[in-house]
Amino acid sequence: MSDPILLETSDGLAMVTLNRPDKLNALNYALIDRLMAVLDTVETDAAVRAVILTGAGGRAFSAGADIHEFSGSVRQGRDTAIRDFVRRGQAMTARLEAFRKPVIAAVNGLAFGGGCEITEAVHLAIASDRARFAKPEINLGMPPTFGGTQRLPRLAGRKRALELLLTGDPFSPERALEIGLVNRVVPHDALLPAARELAQRIIRHSPLAAGGIITAVTRGLNMAIAEGLQVESEQFAALVPAADLAEGINAWIERRTPRYRGC
């Protein structure tokens, strides 16, 4: 059996690939569990400064949850469905959202359901011009369960999100760009180079600063402004004794390129 998640690391980047191309990279329980384990590995690897997440094969980023598998959990009743399906998926998207290293989705094809929810949760996303998005859970008689009812309205606004959630209609990468779901749309062959170029522009900076920014933004979005400003202050305070902050200030004063060490 092939590994449902592929991991390659080089030049400070981790390339993480959803690897069920024959199933359009559907999110079965084994894939989600393996992705969580890979994120644990990447988090503790000091050589990795950013993550690019994409899908295997030429058709899909991820077509969403594995319906055949989770339908079995649904047949076993509410408690089993919540435990095995909902909590597992929500833990995955929450982990991606709060990950202290930048995560960039390279959306190379279909991003339906859970695949769209991953795109909503990660920090940055670039879409191929062949990508296609949808929130089709309503076609199954259910709402999204991996955070889609919460993150999409925060990205797109209430009314635009509700149109997509309530119709289940597919939408284009250009529409995804318009509503803030992705940062950029590029020709298909330029997708991974564009993701790597964006990652390289980020990892030239201090990884401690990047992690502080991600934490402040992720936590602050769900707070009143005064509470969010406190989180921002806390993230800065944690960096005051760090060598990276001293290096950044000294490099600016000395008009040279900083040499960050992540400490």
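Start by selecting Ile179: leaving aside its neighbours within four places in sequence, it is in contact (heavy atoms within 4.5 Å) with Leu152, Leu155, Ala156, Arg160, Leu164 and Phe171. Bear in mind that this is a predicted model, where local features need pLDDT of at least 70 and side-chain atom pairs count only at pLDDT 80 or more, while totals for chains, interfaces and linings use all residues. Residues are numbered from 1 along each chain as its sequence is written, and side-chain values use heavy atoms, with hydrogens and water left out.

Ile179 sits in the loop between helix H7 (173–178) and strand S9 (184–186); helices (H or I, at least four residues) and strands (E, at least two) are DSSP runs, numbered from the N terminus. Ile179 counts as buried because its relative accessibility is 2%, and buried means under 20% relative accessible area with a 1.4 Å probe, protein chains only.

Next, pick helix H5 (residues 148–156), where Gly148, Arg151, Leu152 and Ala156 are buried. They cover an arc of only 110° around the axis, so they lie on the same side of H5; the arc is that of the directions from the helix axis to the C-beta atoms. Those buried residues pack against helix H3 (78–98), helix H4 (114–121) and helix H6 (158–167). Just after H5, click Gly157 for a positive phi of about 95°.

Definitions and conventions:
Buried means under 20% relative accessible area, exposed over 50%, partly exposed in between (1.4 Å probe, protein chains only).
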